[in-house]
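My entries follow the structure.

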Amino acid sequence: MRCPRNAGNTIKEEMPNANIDIGFKTFRLADTNIKWNSLMDKGQLDVAQMEYNPDLADFMPNTNDIDIVYELMLRQRDVALSESLERLSAIGNRTYLYATSFLVCLETEITEELISKLAGLDPLPIKFIFRDSAFKDDIALKDETFRRLKALVEKNAGTNKPTYTVEFI
């Protein structure tokens, strides 16, 4: 069996004038990177640790944002893993746009200013995914975020409305 990297180079050598993409991504099966169940309830998470590392509340140790984004995309229906992934540095250090349609916000704190920036994206993504803990105890901000972004997505979607538009992990 030929290595994909070598196969791509062979194709480029055989067809030097062809404008083709020989890039590829590889994935491996692993346990989840996201703490879907509360480990605090089971006594496995020290609340004091989260003050210094908020990721401990939501993600498994030694995970990175890219792995989390791809795991979330695997959980979506009909999303190809070959699409582009872009970090939206103008919005935050941990906000990603996948396939120009799915926005994954892994910021540790959600603010009204950040939500305004997201609402101003053009084109607007069809789905927003936020980490629940980033809203802290501000239920009003979380509710307003959900309502505002959901309304924008539904307005832009026309008759082809997605079922879920804003979700929290």
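**Backbone entries**

I first located Pro123, which sits in the loop between α5 (112-119) and β4 (127-130). The model is a predicted one, and I read every entry below as such.

Gly120 is exposed because its relative accessible area is 57%, and exposed requires over 50%. I also checked the spacing between Gly120 and Leu152, which are 32 residues apart along the chain. Their C-alpha atoms are separated by 9.8 Å.

**Positive phi entries**

I recalled that most residues other than glycine have a negative phi. I therefore recorded two residues with a positive phi, Asn62 and Ala99, since most residues other than glycine have a negative one.

Where does Asn62 lie? I found Asn62 in the loop between α3 (55-58) and α4 (65-74). Phi of Asn62 is near 65°. The relative accessible area of Asn62 is 82%, so this residue is exposed.

Is Ala99 buried or exposed? Ala99 has a relative accessible area of 15% and is therefore buried, as buried means under 20%. I placed Ala99 in the loop between β2 (95-98) and β3 (102-105), and its phi is about 55°.

How values were computed. Residues numbered from 1 in each chain as written. Predicted model: local features only at pLDDT ≥ 70, side-chain atom pairs only at ≥ 80, totals over all residues. Heavy atoms only, no water. Helix = DSSP H or I, 4+ residues; strand = E, 2+ residues; numbered from the N terminus. Buried < 20%, exposed > 50% of the residue type's maximum accessible area, 1.4 Å probe, protein only.
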